[in-house]
Amino acid sequence: MVWFKEDGNKINIDAVDYVFNANEIISLTEFHTVKVEAILDATLIRWNRSFYCVVDHDSEVGCKGILYYGASTVPIIKLDEKHIDILTTLFKMLYIEMESRDNLQLEMLQMMLKRLLILCTRLYKDQHVVSKLRTQSIDIIREYNYLVEQHFKTKHTVKEYAQLLFKSPKTLSNLFKKYGDTTPQQFIQNRIMLEAKRLLTYTDKTISEIGFELGFSDVQAFSRFFSKQEGVSPQKFRDREVLPTK
């Protein structure tokens, strides 16, 4: 999680250029590929799965949580003066506890991290359409997104995920329609495309190897899928010198 303290921070995340300004917070996962062009001033807090992850529990502040749906989007939170004061105090407490060396330190740090995630989750929900959904609906969408993150290389249809959730594809479609600007199928496709772009940009794997890794039966099927989504072939995407911007 990164809290930017000044305007004009430039970061490339998964081959997309972003500019983040003062008092914006972003949440990233180990799956994002990040290249820093310029960070003027920021506070970063990083932890690993063994330190804090409630992936085995259905929690909004865990790895399945709203801030960590998967790696298809970069959640952005904007802070107002009230929450700047709250988070500043929380980080001061974190810094103090970092200096502690007793046997209670681990539990204290985990508690503070959870409080930070709860505060940021509340803010994100307030600032986005997700706050308008019933809790049960949010839970289903979070679980769907988490399942896609686990299985997108092998499961490419909404029907497959609907079966895992014991829901109908139509139910999922209706929930996503309420949520925002994507469909369940588009979410799967976006996650596959994100991984394809990462592999094309940051690895030397052949296009055939990438297609096979992403669950396509042959390179032609992968190329057709990629070209339909991106407008250019995988090879042309890899050969481009100028990365897409946002």
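Start with the open sheet. Its 4 strands run in the order S6-S1-S4-S7, and the pairing is antiparallel. Strands here are DSSP runs of E, at least two residues, and helices are runs of H or I, at least four; both are numbered from the N terminus. Two strands pair if DSSP finds at least two bridges between them. The edges are S6, residues 42–44, and S7, residues 76–78; each pairs on one side only. Neighbouring strands are turned by 20 degrees against each other on average, direction ignored.

A caveat on the source: this is a predicted model, where local features need pLDDT of at least 70, side-chain atom pairs count only at pLDDT 80 or more, and totals for chains, interfaces and linings use all residues. Residues are numbered from 1 along each chain as its sequence is written, and side-chain values use heavy atoms, with hydrogens and water left out.

Now one pair up close. S1, residues 2–4, joins S6 in the antiparallel sense over 3 bridges. Phe4 has Ala42 in S6 as its bridge partner.

Which strands does helix H1 touch? H1, residues 81–98, packs on the sheet against S1, S4 (24–26) and S6. Its direction makes about 125 degrees with that of S1. Helix H2, residues 105–127, also packs on the sheet, touching S4 and S7, at about 90 degrees to the direction of S7. Contact means heavy atoms within 4.5 Å. Axes are lines fitted to C-alpha atoms, for helices over the stretch in contact; angles run from 0 to 180 degrees between N-to-C directions.

Finally, the whole protein. It has 9 helices and 7 strands.
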